[in-house]
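Have the sequence and the structure open as you read.

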Amino acid sequence: MTQPNFKFNHSEYSDEDLNLSITRILNANILCSIASIKENESYIHTAYYCFNKNFKFFFISDPATQHVQNIEKNLSVAIAIYDSKQPWDNNKCGLQVFGSCEMAKGTNLIEGTLLYLKRFAGLKQWIKHPDDFIKGAINSKMFLITPSWIKLFDEKTFGEEVFISLKL
């Protein structure tokens, strides 16, 4: 389980509480919705994700998809991560993540591949090493999302209808 230890220096909430809440949400879910921009319109897709201790996110996608084509023209993305089965009237939680996206290369490709294989062992059928992405073992490539800020919603930990914006 990835355990980030980010320094937020928030005026109301401790780094420990914020990190624990975010980590709990990220580890409890495996899918996210990723929004990109196509010209002046928004576009959204769903992807399996993994993340590192610096809250950088990795996902795999085919470069021919619309969302990857969007990202190639405009790196700006937003992510929503939440449990879609949580009741609407009791202790809701989730994350919104805003940042930039690019194809993972070098050490980011290595780290993303290792994290992804750890979280999604079934990928080992096709990918055993980061170079397998480069060699084209599958059509998909590894992508890296670097957040600039996070919006956290965790009613059980921080109270009802409390949204916490965190700069990274």
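## Charges over rings

A charge counts as sitting over a ring if NZ of Lys or CZ of Arg is within 6 Å of the ring centre and within 35 degrees of the ring normal. Please keep in mind that this is a predicted model. By that rule, Lys151 places its charged end over the ring of Phe163, 5.1 Å from the centre. Another case is Arg119, which lies over the face of Tyr49 at 4.8 Å from the ring centre.

## Ring pairs

How many aromatic pairs are there? The count comes to eleven. One of them joins Phe6 and Phe8 in a tilted arrangement, with 5.1 Å from centre to centre and 40° between the planes. Phe8 has a relative accessible area of 11%, so Phe8 counts as buried.

## The Phe153–Phe163 pair

Phe163, the ring under Lys151, also forms an aromatic pair with Phe153. This pair is stacked, at 4.3 Å centre to centre and with 15° between the planes. It links distant parts of the chain: Phe153 is in strand S7 (residues 141-154) and Phe163 in strand S8 (residues 163-167), ten residues apart.

Are the two partners buried or exposed? Phe153 is buried, because its relative accessible area is 13%, under the 20% cut-off. Phe163 has 48% relative accessibility and therefore counts as partly exposed.

How values were computed: Residues are numbered from 1 along each chain as its sequence is written. This is a predicted model: local features need pLDDT of at least 70, side-chain atom pairs count only at pLDDT 80 or more; totals for chains, interfaces and linings use all residues. Side-chain values use heavy atoms; hydrogens and water are left out. Rings of Phe, Tyr and Trp (its six-membered ring) pair if their centres lie within 6.5 Å; planes under 30 degrees apart count as stacked, over 60 as edge-to-face and the rest as tilted. Buried means under 20% relative accessible area, exposed over 50%, partly exposed in between (1.4 Å probe, protein chains only). Helices (H or I, at least four residues) and strands (E, at least two) are DSSP runs, numbered from the N terminus.
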